[in-house]
Amino acid sequence: MSKDNDRKKLCVSSLVLGIVGLVFSFIVPIVSYACAIPGLVIGIKKRKKNYSSSAGISLSIVALSLALINSVFGVLMTIKMFFSDNGEEKE
C-alpha cells in the first residue's frame, strides 16, 4: 500500500510542477524550465496507467514548448533592439 501511495504522491507532484511551469511559461521562462523539466522526468519515471501522471507529462511538455517559444521571441526582440538604426544620425 505504501508503494502505491508514494506513486500517487509523485504523480501529483508531476502534475503540480506541470501546472506551475505552464503558468510561468508566459512570465518567466527560466522558472518554467526549472519546474517543467523535473515534472516531466518524474511523470515519465512513474507512468503506470495513471491519468495524473499522463496529465503531468502533457502539461510539462506544453510548458516547455511555450517557455521555449517565449525565450526565442525574447532573444529575437533583443537582437532587433540592438541592431535597430532608430537613434543614429545619417550622413
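A residue counts as buried when its relative accessible area is under 20%, and as exposed when that value is over 50%. Keep those cut-offs in mind. The model you have open is predicted.

**Start with the whole chain.** Show the protein as a cartoon. Three helices and zero strands make up its secondary structure. Follow the chain from the N terminus, and the elements run α-α-α. The protein has 91 residues, and 21% of them count as buried.

The accessible surface comes to about 6,800 Å². Carbon and sulfur atoms account for 68% of that surface.

Next, display contacts between residues at least 6 apart in sequence. Of these contacts, 72% join residues at least 24 apart.

**Select helix α1.** This helix covers residues 2–24. Stop at S14, which sits in helix α1. Is S14 buried or exposed? Its relative accessibility is 0%, so S14 counts as buried.

Show the side chain of S14 and look for G39. A polar atom of that side chain lies 2.8 Å from the backbone oxygen of G39. Then select what else touches S14. Beyond its neighbours within four places in sequence, S14 is in contact with G39, I42, G43, G56, I57 and S60.

**Select the cysteines C11 and C35.** C11 has a relative accessible area of 1%, so this residue is buried. C35 is at 14% relative accessibility and therefore counts as buried as well. How many disulfides are there? The count comes to zero.

**Move out to the surface.** Select I19, V23, F24, F26, I27, V28 and I30. Together these residues form a nonpolar patch on the surface. Which element gives the patch its largest share? Helix α1 does, with three residues.

**Finish at I27.** I27 lies in the loop between α1 and α2, and α2 spans residues 29–45. Why does I27 count as exposed? Its relative accessible area is 58%, and exposed means over 50%.

**Compare two stops.** S14, in helix α1, is buried at 0% relative accessibility. I27, in the loop between α1 and α2, is exposed at 58%.

Methods:
Residues numbered from 1 in each chain as written. Predicted model: local features only at pLDDT ≥ 70, side-chain atom pairs only at ≥ 80, totals over all residues. Heavy atoms only, no water. Patch = residues over 30% accessible without salt bridge, like charges linked within 9 Å, V, L, I, M, F, W, Y side chains within 5 Å. Areas by Shrake-Rupley, 256 points an atom, 1.4 Å probe, with all protein chains shown as cover. Salt bridge = Lys/Arg side-chain N within 4 Å of Asp/Glu carboxyl O. Helix = DSSP H or I, 4+ residues; strand = E, 2+ residues; numbered from the N terminus. Buried < 20%, exposed > 50% of the residue type's maximum accessible area, 1.4 Å probe, protein only. Contact = heavy atoms within 4.5 Å. Polar contact = N/O pair within 3.5 Å; in protein donor to acceptor, adjacent residues only side chain to side chain. Disulfide = S-S within 2.5 Å.
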